[in-house]
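Thanks, everyone. Let's get the structure up on the screen and walk through it.

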Amino acid sequence: MDSAIDLFRIFISEKGLRNTPEREEIIQEIFSSHNHFDVDELYLRLKHNHSKVSKASIYRNIPLIMDCGLIKEVWFEDGHMHYEHIYGHGPHCHLRCIRCGKVVEFVDQVLEDIEERIAGENGFQILDHRLDITGYCSKCRAAD
Ligand SMILES: [Zn+2]
Ligand SMILES: [Zn+2]
């Protein structure tokens, strides 16, 4: 499998854009961890690694990295969007605790069958889907 950076380089040159070290730093950081992230978290991670990438630069580059198919939006929370890397990481759904932030990823064939059936009945071709179940995890429930 090509690395995310390789794919991005191809994408950038096909678009006729100039690549920058900043962009590659951002992508490298995104793929260095499997966590879901938002711009602030990504900025802090980069800063922690002594990167000089600015928050504005992250905001500018995220749409491009999404266009390239490396990341996607996963949920909107606390007034901003959260993302995850999808390259090399198959489609899945989320269970999310709104108290402690715990996230469980899951895949279930039954859900996929239902989606296929509904899409088929409506003549749809599925490109993407999002299932984000929010609630309280077992730990947070026990603490109540
Ligand atoms: Zn919790
Ligand atoms: Zn996920």
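Buried means under 20% relative accessible area, exposed over 50%, partly exposed in between, with a 1.4 Å probe and protein chains only. A word on the basis: this is a predicted model, where local features need pLDDT of at least 70, side-chain atom pairs count only at pLDDT 80 or more, and totals for chains, interfaces and linings use all residues. Residues are numbered from 1 along each chain as its sequence is written, chains are lettered from A and ligands numbered from 1 in the order in which they are written, and side-chain values use heavy atoms, with hydrogens and water left out.

So what holds the zinc ion (ligand 1)? Cys 97, Cys 100, Cys 137 and Cys 140 coordinate the ion through their SG atoms, at 2.3 Å. Donors here are N, O and S atoms within 2.8 Å of the metal, or 3.2 Å for Na, K and Ca; water is not among the atoms, so sites may look incomplete. The four donor atoms around the zinc ion (ligand 1) subtend angles of 107 to 115°, which makes the arrangement tetrahedral. The cut-off for four donors to be tetrahedral is that all angles lie between 85 and 135 degrees. Along the chain, the spacing of the donors of the zinc ion (ligand 1) reads C-x2-C-x36-C-x2-C. Distant parts of the chain are linked: Cys 97 sits in strand β3 (residues 93-97), and Cys 137 in the loop between β5 (132-135) and α6 (138-143), 40 residues apart. Helices (H or I, at least four residues) and strands (E, at least two) are DSSP runs, numbered from the N terminus. Cys 97 and Cys 137 are both buried. Cys 100 is partly exposed, with a relative accessible area of 46%.

Glu 84 in strand β2 and His 94 in strand β3 are 10 residues apart, a pair that links distant parts of the chain. Both Glu 84 and His 94 are buried.

Now look at His 89, in the loop between β2 and β3. Is His 89 buried or exposed? At 19% relative accessibility, His 89 counts as buried. Its side chain makes a polar contact of 3.4 Å with that of His 92, and one of 3.2 Å with that of Glu 105. A polar contact is a pair of N or O atoms within 3.5 Å; within protein, one must be able to donate a hydrogen and the other to accept it, and residues adjacent in sequence count only if both atoms are side-chain atoms.

Last stop, helix α3, residues 39-48. Val 39, Leu 42, Arg 45 and Leu 46 are buried there. They cover an arc of only 130° around the axis, which puts them on the same side of α3; the arc is that of the directions from the helix axis to the C-beta atoms. Leu 44, Lys 47 and His 48, on the other side of α3, are exposed.

How values were computed
Four donors count as tetrahedral if all angles lie between 85 and 135 degrees; four count as square planar and six as octahedral if opposite donors are over 155 degrees apart and all others between 65 and 115; anything else is irregular.
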